[in-house]
Every structure is written in C-alpha cells, then in structure tokens.
Amino acid sequence: MTMAIASLGGRLPITAGRRELTLVLIWAVLLSVPFWLPLLGGYTALAGRVLVFGLAAMGLNMLLGFTGVLSFGHAAYFGLGAYGAGLTLRYLVHSTPLAMLAGTLLGGLAGTLFGLLIVRRRGVYFAMCTIAFGQLWYYLAYSWNSFTGGFDGLRDFQRQPIGFGPLTLHIEDGGTTFYFFLLAIFAVAAALMGVLLRSPFGRTLLAIRENERRARFLGIPVERHIWLSFSISCFFTALAGTLYALLNNFADPLTLHYSLSGYFVVMTVMGGMRTFWGPLLGAAVFVAMQDYISSMTVNWMSFVGAIFMLVVLFFPRGLLGAMRRRLKS
Amino acid sequence: MTQLILFNVTNGLIIGAFYVLMALGLSLILNLSNVINFAHGNFLALGGYLAFALTPTLGYWGALVVSPFLVALIGLVVERLMIRRIYGRDPVYSLLLTFGLAFVMQDAARYIWGPNGLPLGLPAALAQPISPDLFFITYYRIFMVAVVIVAVAGLFAFMRYTRVGLRIRAGTLDLETVASLGVNVRHLRTFNFAVGCLLAGLSGVLAAGQIGLNPNMGDDLLMPSFIAIIVGGVGSLIGTLFGGLLIGMAAALTTVFYPSASEAVIYAILMAVLLIRPRGLVGEEGMLS
Amino acid sequence: MSNHTLSVRRRTLLQAGLALGASQAIGAPFVIKALGDEPVKIGMVDPLTGVLSALAQSEVDGAKYAEAEINKKGGILGRQVQLLVEDSANDVGTGVQKTRKLIDRDQVNAIIGDVNSGIAYAMSQVTNEKKVFHIVAGGHTDPITGTNCKWNVFRVCNTTTMDAEAVTPELVKKFGKKWFFVTPDYAYGHTLQDAFVKALTKLGGTYEGDMLPINNTDFSATLIKAKAYKPNVLLNNMGGLTQINCMKQFTQFGMQNEMGLGGALFELESIKGCPPEAQTGWWDMEWWWNQPNVPEVVKFVADYRAATKKTPSARDWFGYVSMHSVRLAADKAKSLDGPKLAAAMEDMELPPDVALQPGKVVYRKGDHELMPNIFVGEVHPSKGAADDVFTLGTLVPGAQAAGSVEETGCKMVEPS
C-alpha cells in the first residue's frame with residue numbers, strides 16, 4: 001500500500017546529499033541576516049516581515065502545492081491569528097506565549113470548522129468560498145468597533161518580554177533580538193512542517209494532488225485528508241499571523257483582506273509551488289520587491305500587478321521550480 | 001406607511017438590480033471559462049470613466065451606449081492576449097492573472113484620471129424626483145432599474161434564442177463535446193468574456209451616475225457579486241439573478257431597521273447558504289466540483 | 001524548438017531583472033555616502049494609493065513645496081533638506097514597515113504622517129520607541145493628542161472637538177437646534193458625533209441620527225427618516241466618497257428646501273468631486289486659501305499656483321506646515337535630537353508666513369496640538385474664479401474651540 005502511494009506521490013523533493021547542503025545554506029543565510037542585510041540597503045524589520053509572510057505562505061503551500069487544493073482566502077486565518085494574539089495581549093493577559101497560542105488556536109480552529117463545510121467542493125467553487133469566508137472575517141473585524149477597534153485596527157497592546165526562569169528574552173525592543181525570536185519560531189514551525197510532509201500523511205497528500213481519482217480508488221479517504229491538510233495549513237498560517245501582530249504591535253482588518261491572500265498565493269507560486277522552501281524565497285523576493293518599488297514610484301501597483309501576470313504567463317513553476325527543472329535536464 | 005413599503009420595494013429593487021447586473025457578468029465568465037475575474041470591478045470602473053470621457057463629445061446618452069461596448073472591446077483584447085493562455089491550467093493561475101490585472105487597471109485609472117472623485121453629469125430630467133411625495137424615487141433610479149431589466153432580459157433572450165447563446169450554455173455543461181461538434185471554442189470563450197465585460201461596463205456607467213467615479217469604485221461591488229453567485233448557485237445564471245435580488249432586498253430591508261448591519265446581512269446569508277444548502281438556491285449538485 | 005526559445009527568453013528576463021535589482025540595491029547606500037554634506041532627512045509616510053490617496057497626495061505636494069522653499073533659503077541648520085516619501089498603501093503593516101525603514105535605514109531626523117489615523121497611531125509607537133520627532137499632519141482621531149498623547153508626537157490638523165465646537169454655534173444661529181446626524185460607524189465617526197452632541201446639548205439642542213456602514217452608497221432610507229423628523233439641520237459626518245454621495249442624494253431629493261445642511265469637514269478635494277448642485281452647506285475648513293486681507297496668504301497662494309498649477313487646500317497646508325515646523329524647532333533647539341526638537345516645539349508660535357492666517361497659531365504645550373483658526377463658512381458652487389467654492393462666515397480661534405488639556409485626557413510622559 002505504502003509502496004503504491006509512494007510511487008503515486010513521486011520523487012523526494014531533493015536527493016539526499018543535496019538536501020543537507022540546501023538546509024545548511026538556507027540556515028546560514030537566515031542566521032546571518034542582521035550582518036549582511038543592511039549592507040544591501042535593507043533593514044532588519046524587513047527580514048522579520050519576510051519570515052512572517054514566508055511562514056504564512058509555507059502554510060498555504062501545504063494545501064496548495066502539496067495537496068493541490070487552492071485557497072484564496074488564507075489571509076483570514078493569518079488575520080485571525082493576529083487579532084487573537086492582539087486581543088489576548090490587550091484584554092486578557094500580558095503574556096507573549098499565551099497570546100501566540102490563543103491566536104494560533106483561533107485561526108486554526110476557524111479554518112478547521114470552515115474546512116468541514118466546503119471540503120466536498122473543488123476547484124474554482126472551493127476558491128470562491130474561501131474568498132467569501134475570508135471577507136466575512138474582514139467585515140467583522142472592521143465593523144465591531146468596540147471589540148476589535150474596527151476600521152482603525154486593534155491597538156494598545158505590545159509584545160511582552162518572555163521569561164524562562166532566570167532568563168528573560170527582551171523582545172519588546174524591535175531589532176535583532178526580536179528577529180532571532182522570529183527565526184526560532186520559524187525554525188520550529190518549518191521543522192514540524194517538514195516532518196509532516198515527509199510522513200506517510202504527507203505522501204498521501206502528494207498522491208491526492210497527482211491523481212485524486214486514483215487515490216480514491218486506492219481506498220484513501222480523500223475528503224478527510226484534504227480537510228486535515230486544510231486545517232493544518234490554517235494553523236501554520238495563523239501562527240504566522242500572531243507573529244505579525246507582535247511585529248507591528250498592531251492588528252488591522254487588512255490582514256484579513258483577500259488582497260493579502262492574493263499576496264500569499266503569489267509568493268508561493270513565484271517561489272515555486274511544489275517545493276518546500278519555494279514560498280520563503282517567493283516571500284523574500286516579493287517583500288523586497290514591493291518595498292523597493294513602492295519607494296521608487298507611486299505607481300508601484302502597476303509594477304506589482306504586472307509581475308503577477310508575468311509570473312503566471314512565463315514563470316508558472318516559480319523560481320525554485322525553474323531551477324530544479326534546469327538541474328534535472 | 002405606504003411610503004415605507006413603497007420605499008422598501010423600490011430600494012430593494014435598485015440595490016438588487018445593481019448586484020444582479022454585476023454578478024451576471026462575473027457568472028457568465030465563470031461558467032464557461034472557469035475563470036474568476038478579479039478585475040471585474042475594474043472593468044466596471046472603466047465603464048464609468050469611459051462614459052465620463054465620452055460625455056463631452058457624445059452626450060450622456062451616447063456615452064451610455066458606447067462605453068459598455070468599448071469596455072467589451074478592451075475585455076476582448078485582454079482575453080485574447082492573456083486570459084486565453086491559461087485556460088485548462090490549474091485555477092490558481094487564472095485567479096492570479098486577473099488579480100494582477102486588477103492591480104494594473106486600478107493603478108491605470110488613478111494615473112489617467114487622478115485619485116480624486118469625479119462626477120458624472122446626468123441629464124437634468126433624470127435627476128428629478130418623480131413627485132414631491134415620492135421624493136426618494138428619482139427618475140434616474142427608475143431609469144437604472146429599467147436599463148437593468150432590459151439588459152438582463154436581453155441576456156436571457158440571447159442565451160435562449162440565439163445560436164451563440166445556445167453554444168455558450170452547452171459549453172457550460174460540456175465544453176469538450178461542444179468543441180468536437182465543430183464549434184470554435186476559442187472564439188466562443190472570447191465572445192463570452194467580452195459579453196461579461198459589457199455587462200460590467202454598463203454597471204459602471206449606471207453606478208457612476210449614482211455614486212460618482214473613483215479608482216476604487218468597483219471594489220465594494222465585487223464581494224456582493226461573488227456572494228450573489230454562491231448564494232444563487234454556481235453555474236446557473238438564473239441562480240445568480242435570484243441571488244443578487246435576494247441579497248439586494250435583504251440589504252435594503254436591513255438598512256431601514258438597523259443600518260449598520262446592512263452589509264452584515266449579506267454575509268449572514270452566505271453562511272446560511274453554505275451551511276444549509278451549499279449548492280445554492282438553484283444550483284445543481286456536481287456543478288463545477 | 002519553441003520550448004527552448006521560451007526558456008531562453010524567460011531566463012534572460014529573470015537575469016536582467018535580478019541584475020537591475022541588485023545593482024540598484026548595492027549601488028544606493030554607497031551613492032549617498034559619496035555626497036559631501038549629509039542632508040537633513042525628513043521622512044513622510046502617507047497612503048498614496050488607496051481610498052485616501054487624493055488627500056495624501058495634497059499633503060505630499062505641500063511638503064515638497066516647503067522642501068524646495070526651505071532649501072532655497074539655506075536649509076535647516078545650514079544643511080540641505082531631503083524629503084523621503086514612502087507609500088503606506090493605507091495598510092498598517094506597510095506603514096509601520098516604512099517608518100522603520102526610514103528610521104533604521106535612511107536615518108531620518110523627523111517623521112511626518114499618516115493621513116489614516118490608525119496608521120498614524122501605529123507609527124507613533126515606533127517613533128516613540130526610537131525617540132524620533134513625529135508630526136501627524138492630517139490624521140484626525142482624537143487620542144493622538146488625547147489619551148494616547150506622546151512626548152514626541154505633534155499634530156497639525158484639528159481634533160473632532162475643535163471642529164464640532166467651532167461650527168455648532170454657527171449652525172444653531174443660522175438654522176436651529178433640532179439636528180439629524182448621518183454618521184459613519186467607526187471610531188472617527190463616533191468621536192465626531194459625540195463631540196457634536198456635547199456642543200449641541202450645551203446650547204439646548206435635540207437630535208436624532210443614523211449610524212451607517214463606512215462604505216455606504218445609498219442614503220435613501222436615512223434621508224427618509226431625516227425628512228420625517230423635520231430637523232433644522234442635517235449633519236453630514238460621512239467622509240470621502242460617501243460624503244459626496246450623501247450630498248448628491250440630499251440635493252436630488254430636494255431636501256435643501258426644507259432644512260439646512262452642515263457638518264465638520266468638507267474638504268476641497270471632495271468638493272471638487274461633487275456636481276455643482278451638491279456643493280452646499282455650512283462647514284469647517286481647517287485652512288482656506290482665499291484670505292484677501294492677509295498678504296502672506298495672497299503671496300503664498302500665487303506662488304503655489306505658479307509652482308504646482310493647483311490651488312492649495314488645507315491638506316497642502318498641513319504638509320507645508322509640518323516641514324516648516326521641523327525647521328523652526330531645529331532652529332530653536334540648535335539640534336536635531338528628538339527630545340530637544342520636541343521640547344523646542346512646545347508653545348512654539350508659527351510665524352505669519354508659515355501660519356498663513358491671522359492671529360496666534362501655537363502648538364499647545366499640554367497636548368502638542370496645533371491651535372490654528374477654524375474657518376467656518378458656506379460651501380457653494382464656484383463664483384467664477386477657480387476653486388472659489390467657500391465663503392468665510394466666521395473665524396473661530398482653535399484654542400477657544402478645543403477645550404482644556406485635561407478634557408482631552410492627555411497625560412504627557414516625558415522622555416526617559
């Protein structure tokens with residue numbers, strides 16, 4: 001059974017030796033960011049944003065790239081994570097870990113429950129429902145003034161220092177400490193995701209992506225797997241959302257809007273949908289590009305929109321996808 | 001009392017009419033080509049802006065007639081150059097493409113006509129209320145509803161009684177068979193997309209007379225159109241018609257009693273439909289799944 | 001083969017793009033260091049894209065005009081001024097990110113922004129943390145100089161209290177005390193209506209009102225209710241496009257024959273987007289260009305029109321004042337250090353060529369709010385000359401309308 005699934009699911013992401021090298025390279029780059037980024041005209045907060053969006057996109061990619069199901073409303077869970085963390089910090093308790101937990105649970109559970117409703121739909125209809133559901137939360141966030149701060153957003157909360165016994169992590173000043181905190185959370189999440197995707201569960205998702213009908217004939221409970229994949233991806237994206245709230249000390253309705261969902265999809269596609277690290281690369285390119293272009297011209301939206309279109313028309317496999325194809329041929 | 005009832009009915013009709021016209025164009029494109037046109041709101045804005053640009057030379061009536069066809073033409077070009085290339089591919093690509101297109105179009109509108117709001121002049125006759133008692137019904141509102149009724153009737157007649165309409169309907173159900181019957185599917189899709197954009201452009205001209213022009217004007221109408229389609233049933237034009245009317249009426253009624261919830265009610269209906277009858281009011285099981 | 005040529009084309013595109021991007025990114029910081037004298041950098045973050053773009057663009061125009069003017073007269077502390085403008089895209093995350101970029105990477109000495117109050121607030125948290133001088137040119141929410149006031153944040157535009165208190169007596173005098181409110185359902189709308197209610201009840205007035213969604217387009221239901229209530233004045237508190245639509249529908253229904261129309265702000269950018277019949281009512285202007293009795297203003301408007309081909313609105317003036325305020329504070333403090341600039345700014349009176357209006361215009365020490373005059377008057381279709389759409393009724397001193405510092409709830413915490 002497993003053999004059949006393995007042959008359906010296809011190849012390992014990267015052959016063994018190369019995988020170790022890639023990992024080492026990636027982490028070396030990420031760990032040394034505070035040193036080389038300012039030299040290139042960047043700033044550490046930019047890297048933090050890349051990590052947060054990269055994590056969100058990687059969460060989405062679990063569903064989009066590895067299961068083959070399109071959600072264009074993932075910002076909803078990102079935003080719910082942000083609001084969950086913010087609301088906890090503001091109204092309940094001044095504790096960063098609890099805020100992160102609350103936000104992740106809020107976004108993840110919302111996704112889990114919603115997934116139940118639409119798991120039988122596919123393709124464009126599924127995508128439409130995810131968009132509409134996301135907008136529902138957006139609407140709630142900007143109308144419920146007394147609770148969420150409404151249109152102006154949720155404020156008056158701040159990330160709190162984290163204490164491990166005698167040691168305190170002072171993440172409340174932005175800068176390098178907070179960046180490494182983000183990197184640590186990112187590492188744990190990425191490792192978890194990697195383990196999940198390499199497990200039999202992950203293989204099954206690949207099988208469903210490649211040929212849903214055949215997977216069904218093999219007796220795989222397709223709907224259940226899709227629902228689980230949807231649910232788990234929402235949890236990861238919600239976690240990224242909590243980090244975003246901590247990064248800005250602010251949560252606002254636009255974190256729930258479908259345009260952010262679109263950004264996540266673009267990052268995933270641009271970096272390479274079917275690769276593990278693609279979304280992170282896509283996030284880096286997108287964030288850097290948007291940051292750079294919007295400083296140069298007011299018409300940055302045209303450029304960004306044009307790049308979306310170019311990616312779709314000429315680079316559908318994304319950067320890593322194209323690189324991988326070249327390495328193979 | 002009669003005033004209130006009359007008001008509710010007409011208001012519901014007007015709001016519903018808008019949603020219907022916009023949603024029908026979107027639905028048309030969705031059904032045949034499996035493409036969610038994120039740029040639909042921008043085609044709407046384009047319709048309004050082109051009418052604004054044409055009014056000095058053609059007058060209001062001329063602009064009203066010509067502008068939607070210009071938008072259809074632009075839609076045709078867009079379809080041929082870009083959208084056509086991604087048919088048959090994963091739906092993520094069509095979403096991203098139209099999403100990117102929406103960005104470009106919005107920025108173009110802002111660049112060409114400026115970020116400020118612009119008024120679209122209406123003929124004086126239309127801007128009057130029909131009577132002092134019924135002061136809230138201006139001739140323009142009646143005119144809008146009339147235009148929408150004509151357009152929708154025309155669309156359904158077209159779909160029912162013309163060959164092209166028949167082909168589009170057949171193509172919605174089974175495009176492969178239609179192709180193998182010798183129909184030029186490529187042309188069909190292009191035409192279909194253009195018609196969808198025509199409807200969007202027409203909505204834009206009508207909307208501009210009511211709410212004025214600005215680069216973001218289509219954004220607020222995009223989501224209710226989505227919801228109208230889902231509520232009515234994906235894949236069915238009649239469903240979209242009912243969906244649009246339903247949410248329009250609901251929004252109008254809520255505005256009278258509890259104004260801040262008038263948008264919420266649309267989302268409430270969406271959730272109710274997804275929970276109770278996911279295929280929509282008129283949709284068929286298995287459509288687009 | 002076509003496949004091969006496609007991938008060659010793709011590869012070239014990719015390489016070209018990367019090369020261009022890399023060259024710019026690596027080139028940029030080195031280019032700046034090569035300049036002889038380091039300029040004084042001021043960062044401006046505003047929503048140049050999105051629904052507020054018209055207002056934001058005016059603020060940027062005013063600031064750029066001031067930048068050129070300041071540089072012509074020798075700059076700040078003998079150094080040239082460089083204005084760095086970033087787009088917040090009406091999104092808080094972007095606004096905060098750009099603020100950090102301006103402070104961390106570009107090392108600006110002062111920050112101006114944002115039109116969107118929520119973003120302005122989030123930015124102020126960053127500027128406060130980094131001890132950078134911050135002027136909020138056009139973000140109106142009260143807490144910025146009220147319950148959330150900060151030692152490094154100053155504001156040019158008015159609070160809702162100031163606007164409400166200024167126009168209410170005029171409206172009562174002209175029309176009467178029975179009012180109907182049309183208010184957007186979010187923080188700014190709420191505080192504005194509360195301020196009006198307070199001002200109105202002080203004069204013994206009565207009222208009713210409707211709270212509408214921010215993007216509401218159709219006002220028929222509300223206007224019907226208003227007509228049935230038979231008020232003396234309809235208060236239009238909506239903003240932006242929705243305000244224009246409310247005005248249009250109000251006049252389409254012929255309601256101007258039965259009641260007055262008024263409210264707090266009806267900005268020039270919005271007035272120009274209205275058809276002539278909807279250009280009506282009694283409003284506050286936070287600054288108005290047509291002041292024939294003030295020579296500095298006449299000169300300023302003439303020069304501004306010549307340079308930018310448009311008439312300056314209140315927003316242009318906000319940007320202009322913000323830039324000059326930085327200069328004035330720096331000149332007084334003889335330093336660009338954040339705390340010193342803030343200390344110099346307190347109780348600072350603007351000279352006539354910056355204030356551009358009669359009377360004393362001062363940054364109040366207690367809450368860092370600027371106290372200009374509030375121009376209360378009537379909007380009408382243009383009387384021939386371009387942009388002549390407002391006639392002044394009375395000039396209300398800001399300090400009079402503002403209420404005391406205690407009432408704003410501001411408790412200033414000095415820098416550590």
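The following legends describe close-up views of a predicted model. Local features rest on pLDDT of at least 70 and side-chain atom pairs on pLDDT 80 or more, whereas totals for chains, interfaces and linings use all residues. Residues are numbered from 1 along each chain as its sequence is written, with chains lettered from A in the order in which they are written.

**View 1. The side of chain A that touches chain B.** Here 34 residues of chain A are in contact with 37 residues of chain B (C-beta atoms, placed from the backbone, within 7 Å). Two or more residues each come from α7 (123-143), α13 (258-271) and α15 (300-314) of chain A, and α7(A) gives the largest share, 12 residues. Helices are DSSP runs of H or I with at least four residues, and strands are runs of E with at least two, numbered from the N terminus.

**View 2. Packing of α4 (residues 44-64) against α9 (residues 176-198) in chain A.** The axes, lines fitted to C-alpha atoms over the stretch in contact, are 9 Å apart at an angle of about 15 degrees. The angle makes α4(A) roughly parallel to α9(A) (under 35 degrees, on a scale from 0 to 180 degrees between N-to-C directions). Residues of the contact include A:Leu51 and A:Leu55 of α4(A) and A:Phe186 and A:Met193 of α9(A).

View 3. Buried residues of α15(A) include A:Trp300, A:Phe308 and A:Val312 (20 or more other C-beta atoms, placed from the backbone, within 10 Å of the residue's own). Their cover includes α13 and α14 (278-296) of chain A, α3 (91-113) of chain B and β2 (81-87) of chain C.

Conventions:
Two residues are in contact if their C-beta atoms, placed from the backbone, lie within 7 Å. Angles under 35 degrees count as roughly parallel, over 145 as roughly antiparallel, 65 to 115 as roughly perpendicular and the rest as oblique. A residue is buried if 20 or more other C-beta atoms lie within 10 Å of its own, exposed if 12 or fewer, and partly exposed in between; C-beta atoms are placed from the backbone.
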